[in-house]
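Please open the structure in a viewer and keep the selection tool at hand. The stops below are given in the order in which they may be selected.

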Amino acid sequence: MMPIPHYDAGPTMIHTMMASAFALGSGPSLRGAADCLCDLPGGIMIFMGSTVPIIWAVLVLFAALTALLLYLGLFQDRSRGRPRCPKCWYNMTEAPSLVCPECGHDARTPRRLHRTRRRRWAIMLAVLTAFCCYYSWLVRVRVVELEEPVSVALRPTSYLLATLPKARPVQLMQLRGRANRFGLRPWESELLLLALDPIMSAKGPSPEQAIWLLSIAAETSNRALNKLVDLREFTIPGTNYYPVFASMAAHVGRSRDDQLIALLDSAMKLSRPHSHDAPDAILIEMARRNRPGFKEQITHWAAHPPEDPTFKTKENLALVTTLRRMDGKPDPLHVFLDGPQAMECTSGNLPTINVRIVNVDVETQAVGFQTGGDYRSGRQARWRLEVRDEQDRLMPVKPRMGFGGGGISSFGMLQPGKSYETKLEVAKYVEPLAPGRYRAVVLYHNSATIADMEDISGLIVSSSDPFELIVKPAGAESLPASQ
Ligand SMILES: [Zn+2]
């Protein structure tokens with residue numbers, strides 16, 4: 001990945017910043033110089049170290065201006081003992097009554113002659129400088145946290161969205177970074193929807209980024225969610241990758257019933273590895289809502305599941321599992337541990353456990369099952385260990401090791417009563433455990449590498465019964481006296 005170039009904006013920066021803050025969207029002449037720096041071959045680092053201090057200086061300047069203008073507008077021109085007309089501010093020390101000799105306004109009570117004069121122009125300017133101060137803070141976050149070049153950081157999100165159809169792919173990446181950090185406001189989602197059709201019809205890597213951006217918009221905008229569902233069968237040109245499904249798990253909770261049905265039908269029609277594991281999230285949500293017709297639709301697909309074109313196996317595990325769960329029956333696959341249900345070990349030497357996954361389906365349905373294909377990262381990544389301590393706190397999962405993945409795999413149908421056995425090294429799945437008693441379960445997914453994932457709540461996993469893990473201090477056996 002190309003490093004993001006930094007550069008010293010120099011003394012013109014304040015000028016650019018003021019212009020941008022006031023005009024919302026700097027003109028082409030201001031953009032030119034900065035873009036040249038961004039386009040340097042290989043992303044040469046030009047970093048003089050003064051960009052961030054300058055942004056801070058501008059921020060503090062605007063904050064100070066705001067405070068000054070507020071003081072001028074609200075408190076500076078107090079009565080200080082002088083009676084003044086509250087309408088035209090004529091000095092009424094000599095006036096015989098409460099009626100102003102200058103403008104004829106009747107103050108009615110003497111107290112009104114001692115009001116503080118508010119200056120509307122100063123208050124309005126203070127609102128403007130307060131906005132500039134806020135905008136400087138936004139620019140600082142964009143530069144420091146999101147690593148945007150200053151020339152981009154100065155531009156409002158709405159401006160970047162409005163110019164999206166003509167933008168370079170990097171602009172979509174930058175917008176995605178901003179949307180992840182700040183979310184998208186309603187008008188920003190509308191601008192994205194306006195820009196979407198030209199992007200989706202063009203070639204290049206942008207459509208996928210646009211769909212990710214749309215997915216973020218869909219968190220708050222129903223129109224964006226509907227558009228996302230409408231795009232479900234959109235594929236990246238030249239691939240059979242369906243980016244909508246990659247982001248869909250986050251949105252099933254807000255999808256309408258008819259959208260869930262449409263999504264499941266599409267997920268079943270599309271080639272599975274490229275529609276991701278979204279069917280799981282859709283199926284979990286359908287089982288949760290359990291509306292009339294949902295079970296019939298899932299039963300239909302369980303009888304006609306997607307087929308792996310190479311191995312001629314049926315990808316029906318998630319469908320059959322969902323049906324059993326809707327009926328309150330056990331999952332079709334269950335993980336068994338060979339050996340005692342309470343395992344003793346030391347913190348320096350966590351055990352290797354022998355596991356067996358068995359087709360125990362009550363309706364003796366064979367299910368498609370994958371072996372291998374997940375071990376190149378150093379562990380079998382479709383397995384996961386969830387370990388909880390005595391306070392029921394989840395122990396941290398060991399993150400993905402290295403960048404390798406995949407491996408040789410084969411697919412087949414796991415017939416009723418048949419099983420698949422393997423060994424799992426506990427130390428490869430959880431971070432080192434302090435001495436204590438733990439309860440653990442072994443989880444399995446047939447396609448997702450759940451060992452490497454942070455959140456597996458959107459997935460349908462097979463599980464073992466809980467077992468006990470008793471961890472003793474390292475070296476407890478050899479050095480009992482010194483402990
Ligand atoms: Zn007056």
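Select Cys100 first: its relative accessible area of 3% makes it buried (under 20%; exposed is over 50%, and partly exposed lies in between, with a 1.4 Å probe and protein chains only). Cys103, at 35%, is partly exposed. This is a predicted model, in which local features need pLDDT of at least 70 and side-chain atom pairs pLDDT 80 or more, while totals for chains, interfaces and linings use all residues. Residues are numbered from 1 along each chain as its sequence is written, and side-chain values use heavy atoms, without hydrogens and water.

Next, display the zinc ion. Its protein donors are the SG atoms of Cys85, Cys88, Cys100 and Cys103, 2.3 to 2.4 Å from the ion (donors are N, O and S atoms within 2.8 Å of the metal, or 3.2 Å for Na, K and Ca; water is not among the atoms, so sites may look incomplete). The four donor atoms of the zinc ion form angles of 105 to 116 degrees, a tetrahedral site (four donors with all angles between 85 and 135 degrees). Along the sequence, the spacing of these donor residues reads C-x2-C-x11-C-x2-C.

Now move to helix H4 (residues 120–144), where Phe131 and Tyr135 are four residues apart and therefore separated by about one helical turn (helices are DSSP runs of H or I, at least four residues, numbered from the N terminus). Phe131 is partly exposed at 32% relative accessibility, whereas Tyr135 is buried at 5%.

Finally, select Asp258 in helix H12 (residues 257–269). Asp258 is partly exposed, with a relative accessible area of 45%. Phe294 is 36 residues from Asp258 in sequence, and their C-alpha atoms are 9.8 Å apart.

Conventions:
Helix = DSSP H or I, 4+ residues; strand = E, 2+ residues; numbered from the N terminus. Tetrahedral: all angles 85-135°; square planar, octahedral: opposite > 155°, others 65-115°.
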